[in-house]
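Dear colleague,

I am handing over the structure we spoke of, with its sequence. My notes follow directly after it, and I should be grateful for your reading of them.

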Amino acid sequence: MLDGTGPDGPRLFDHLKVVELAGDPSGEVVGKVLAQLGADVVKVEPPGGAPSRAVGPFAHGQVDEDHSLNFWFYNTNKRSVVVDHSTPDGRAALRRLLAGADVCITTLRPAEAAAAGLTVEQLRAASERLIVVSVTPFGLTGPWADRVSSDLVALALGSPLNSCGYDDHSIPPIRPGGDQGYQSAASFAQMGLMLALVEREQTGQGQVVDVGMHDCLAVGAELANPYWFYPKVIVHRQTCRHAQPTPTQPAIFRCGDDRWVYFVIFVAEQKGWQSLVEWLDSHDLAVDLVQPEYDDPTYRQQHFGHVQEVVETFFLLQTADQAYREGQARGLAIGPINSPDDLLADEHLQARGFFAEVEHADVPPALYPGVPFRFSAFDAVGLQRAPNLGEHTAEVLGAEADER
Amino acid sequence: MMNSAMRATASVTQEQTTDRAPRPRRGPLAGIRVADFCWMGVGSVATRLLADFGAEVIKIEDRIRIDTPRRLPIYKGEPARNFGEELVDADPNRGGLFNNYSRNKLGVTVNLRTERGRALVERLIVASSVVSENFAPGVMERWGLTYDRLRELSPDVIYARMSGYGHSGPHAHYRSYGPVVQAVSGLSYTSGLPGREPSGWGLSYMDNQAAYYNSTALLMAIYHRMRTGEGTEIDVSAIEAGINLVGPVLLDVTVNGHTTRRPDFPPGNRLEWPHAAPHGVYPTLGDDRWIAIAVFDQAQWASLVEVMGAPDWADDPRFADQEARYAHQDALDGHLAEWTAEHDRFELTELLQNRGVPAGAVQDAEDLNERDPQVAARGVFFEMDHPVIGPARFEGNPMLFSSVAQDDWRSAPLLGEDNAYVFQQVLGLADDEYDELAAEGVI
């Protein structure tokens, strides 16, 4: 396991100062990753707090700006400074913060930014070196720039939603869980920022990186665009498996413990087929699939309905964990459909020390997922809880006042 | 022994025009050479970003085990085939998915089962400063290509290792691909209607996202080396990236002790936090056509009611405010769906967006490519010619920079297209040695 350089080693971003003007995960994730790798990320919030503080669920039912688990998840390792941008003092404070910053992350839509006097051009004017990363629903230009969106609406317009749902098309397409529209935008913003940092190392100049969530999702449906670019066909959604031009066989199986596994029976592939039959046979559940006629892929394809029934019965007699271990031991790509609860007990993740305990201000510590990058040359910072609203206002604005 | 792949390459080499010859690259990564062992979707997308922004990415391929995106039957001018329906003896240079994934890269072939093949890639690594791979753990080690060995060959090397489970831990050797990663990391379970099987994902979302995380990690390592002169080994696990994408519901489990194994989870298209209502996907005119509508506050609701022509049902006290609407979503969704079903999804999108209501048609790839004015205005897709496929579209990088541009110089390499350039011009192999390697099937 890559252990990096330990708790006292250098950090990738320990020289970077970041000002974050973000109210949703598309910008907050970018700041979170920078902070976890050592950047000083100052989240500048209005007096009422960033909008993300109002989104639940809430820790132990305490519905206030300091107990949003949504905010906690996306804002670890940051500092919070309250700045009232409607006042001259507030505007001056933000200007000073930006003047000393390397990176500014903003999620203001063009109209909001113009109204607030915080357009990318205005932000960028703070210094030559400043990189401004703008992440918005539709980007800063184009006929839809000022339209309104949400995670669901973005996934619909951007097209990934068209590929997700059930075989039964009387049921609408179903939004995948989490904030995957915002997360897709955040990933491209992160890559754009890294390219801008690499460019700045060579030129000394910052720049504007303009990321639209809609554009990110328009390239985020994997095979759907290539199927349109080349054979000019549309893929159609299917239950928990790839959308395809025409229907394919189910790929999830219920197990005896009422959990599910994902597993595709590749009838055309000889080695995989043999492994599957040997596995079923080791439980005396292969039935007639051991017969020589099933050595022929065409025969298997013609009798797929029967194959499917035998495999369905087999899984009903296993637990999901047993099926996972035994199938993987035979070289089959099979996975249990884990709930978030299940992840905490996973022996592999435990061995890699993935989840880390985080202390909170006024509730007991709890596990958070760790940083998804590991390097031998440097480490992540230990996970620190998200800041309370304005927790670092005096510290940051005071220190910065002292420097003047 | 001459397989179809070799025949195809031989014939194309004769037709090859000079405008496909490698040229100096532009962009922030110009001057960085990558010995790229990546394959499949996730690996190919991860190094594509480097190739798009100026790095010389040399994709190392195997003529015997052809990269899957070259084989998936996504062909121009041919009827629809599901991606499992591969053609026997398919031309590896016709695959559309490969073209999309490997544009702007160079392509060489090496048989790593041979000693001379392994010696050749070591020479390539000496000439490179980044090595990337996404094989099952143990494959690179079998060829002796450990981080220690790579550092002997290229002292400040960056060694990017991408896998489903990461390179340590008891399941490191487990097999996975996008849908398995989505299942294991929790992303499938959290997607679906309550009380039934998960609907999960209709795509390998984690092939994309893990690729993005790997691109980011590569750029982080390059940035670090520019600042310090120091290389690094990188270990990114797709499953660990996936768990980070599960989101705040994880903390509802770990902080609050709430279980997600409960009858009302997952919430389908409804949004629990904040209590948005209506929040769903509703039928429109046309076969299997839908619109997403998400109302977060009273002003948006008032606008929606006005666009609907202020129907009587909207005055029902059950729909008076966000909390009331949230509590009565079954009735609310029933009324709304009756209205949307009588309208065109694009007309409704315009009507609602013009009044500030978050709404959008569920678009498919045809809609995106042929009518979406925003995607067109932002230049999300672009075209390049390909000697076998012809002119073809590509998915661009959706970031617009004020002073960096994507450097598109060539569509994807034909199998072994750049063998002569890389092995002779870059590595300096003499003609007779090159011919001998070709004759022996090493390249």
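What covers the buried residues of α6(A)? Please bear in mind throughout that this is a predicted model. The cover includes α7 (180-203) and α8 (213-218) of chain A, and from chain B it includes β7 (279-283), β8 (290-294) and β9 (359-361). Helix α6 of chain A comprises residues 151-158, and eight of its eight residues are buried, so the helix is largely enclosed by the rest of the structure. The buried residues are D151(A), L152(A), V153(A), A154(A), L155(A), A156(A), L157(A) and G158(A). After α6(A) comes S159(A), with a positive phi near 95 degrees.

The contact between the chains

In total, 129 residues of chain A are in contact with 129 residues of chain B. On the chain A side, α7(A) supplies the largest share, with 15 residues. Sorted by class, this side of chain A has 74 nonpolar, 41 polar and 14 charged residues.

A sheet ending in a strand of chain B

One open sheet has seven strands in mixed pairing, in the order β3(A)-β2(A)-β1(A)-β4(A)-β5(A)-β6(A)-β12(B). Its edge strands are β3 (79-82) of chain A and β12 of chain B, each of which pairs on one side only. On average, neighbouring strands of this sheet are turned by 20 degrees against each other, direction ignored. Helix α7(A) packs on the sheet, where it touches β4 (103-106), β5 and β6 of chain A as well as β12 of chain B. The direction of α7(A) makes about 165 degrees with that of β5(A).

Within chain A, strand β5 (residues 131-136) runs parallel to β6(A) and is joined to it by five bridges. V133(A) has V209(A) in β6(A) as its bridge partner. The step across to the other chain is antiparallel: three bridges join β6 (residues 208-212) of chain A to β12 (residues 399-401) of chain B. There, D210(A) has L400(B) as its bridge partner.

A sheet beginning with a strand of chain A

Strands β5 (residues 158-163) and β6 (residues 232-237) of chain B pair in the parallel sense over six bridges. In this pair, S163(B) stands opposite S237(B) of β6(B).

How far apart are the end C-alpha atoms of α9(B)? They are 34 Å apart, which agrees with the 34 Å that its 24 residues should span at 1.5 Å a residue. G229(B) follows α9(B) and has a positive phi, near 80 degrees.

The division of chain B

Chain B is divided into domain 1 (4-243 + 380-439) and domain 2 (279-370). Taken over C-alpha atoms, the centres of these two domains of chain B are separated by 43 Å.

With kind regards

Methods
Residues numbered from 1 in each chain as written. Chains lettered and ligands numbered in written order. Predicted model: local features only at pLDDT ≥ 70, side-chain atom pairs only at ≥ 80, totals over all residues. Domains from an automatic or database assignment. Pairing = 2+ DSSP bridges. Helix = DSSP H or I, 4+ residues; strand = E, 2+ residues; numbered from the N terminus. Expected span 1.5 Å × (residues − 1). Buried ≥ 20, exposed ≤ 12 C-beta atoms within 10 Å, placed from the backbone. Contact = placed C-beta atoms within 7 Å. Nonpolar A, V, L, I, M, F, W, Y, C, P; charged D, E, K, R; others polar. Axes fitted to C-alpha atoms, helices over the stretch in contact; angles between N-to-C directions.
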